[in-house]
Amino acid sequence: MALSTGLKFKTSTPINVIEDWLDANCKGEWDVDIEAISTELRQKSIAVYFEKEADRDAFKAAYKSFT
């Protein structure tokens, strides 16, 4: 399946927290790419790709609870 929709953002949330949410809540496939990490290792730029738009929309709605 193609991962046809995605989000790019900066976060200080640990990747494992994001991946755990994706595992528990996505009905389709997904992938996370780390695009950049700050020198202090606190902030990172990531891209999250989704097979289903509904999974992307659910992630966007839930993201504010990660921080």
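The model is predicted, so to speak of local features a pLDDT of at least 70 is needed, side-chain atom pairs count only at pLDDT 80 or more, and totals for chains, interfaces and linings use all residues. Residues are numbered from 1 along each chain as its sequence is written, and side-chain values use heavy atoms, with hydrogens and water left out. The chain has 2 helices and 3 strands, and along the sequence they follow the pattern β-α-β-β-α. Helices (H or I, at least four residues) and strands (E, at least two) are DSSP runs, numbered from the N terminus.

**Overall shape**

- The radius of gyration is 12 Å, close to the 11 Å that the globule rule gives for 67 residues, so the chain is as compact as a globular protein of that length. This radius is taken over C-alpha atoms, and the globule rule is 2.2 Å times the number of residues to the power 0.38.
- Along its principal axes, the C-alpha trace spans about 35 × 25 × 15 Å.
- Of the 67 residues, 37% are buried; buried means under 20% relative accessible area, exposed over 50%, and partly exposed in between (1.4 Å probe, protein chains only).
- Among contacts (heavy atoms within 4.5 Å) between residues at least 6 apart in sequence, 65% join residues at least 24 apart.

**The sheet**

- The 3 strands make an open sheet in the order β1-β3-β2, with antiparallel pairing. Two strands pair if DSSP finds at least two bridges between them.
- β1 and β2 (30–37) are at the edges with a single partner strand each, so one side of each has no neighbour in the sheet.
- From one strand to the next, the twist averages 20°. Axes are lines fitted to C-alpha atoms, for helices over the stretch in contact, and angles run from 0 to 180 degrees between N-to-C directions.
- β2 pairs with strand β3 (residues 44–50) in the antiparallel sense over 7 bridges, and I34 stands opposite I46 in β3.

**The helices**

- Helix α1 (residues 15–25) lies across β1, β2 and β3, and runs at about 165° to β2.
- α2 also packs on the sheet, where it touches β1 and β3, and its direction makes about 20° with that of β1.
- I15, I18, W21 and L22 are buried in α1. Seen down the axis of α1, its buried residues fall within an arc of 130°, so they line one face of the helix; the arc is that of the directions from the helix axis to the C-beta atoms.
- Those buried residues of α1 pack against β1, β2, β3 and α2, while the face turned away from the buried side carries the exposed residues D23 and A24.

**The aromatic rings**

- A search of the whole structure finds 5 aromatic pairs. Rings of Phe, Tyr and Trp (its six-membered ring) pair if their centres lie within 6.5 Å; planes under 30 degrees apart count as stacked, over 60 as edge-to-face and the rest as tilted.
- The F9 and F59 rings have centres 5.9 Å apart and planes at 40°, so this pair is tilted. It links distant parts of the chain, with F9 in strand β1 (residues 5–11) and F59 in helix α2 (residues 53–63), 50 residues apart.
- F9 is buried at a relative accessible area of 17%, and F59 is buried at 1%.
- F59 also pairs with Y63: their ring centres are 5.9 Å apart and the planes at 45°, so this pair is tilted. Both residues lie in helix α2, 4 residues apart, about one turn of the helix.
- Ring pairs link F9, W21, F50, F59 and Y63 into a cluster.
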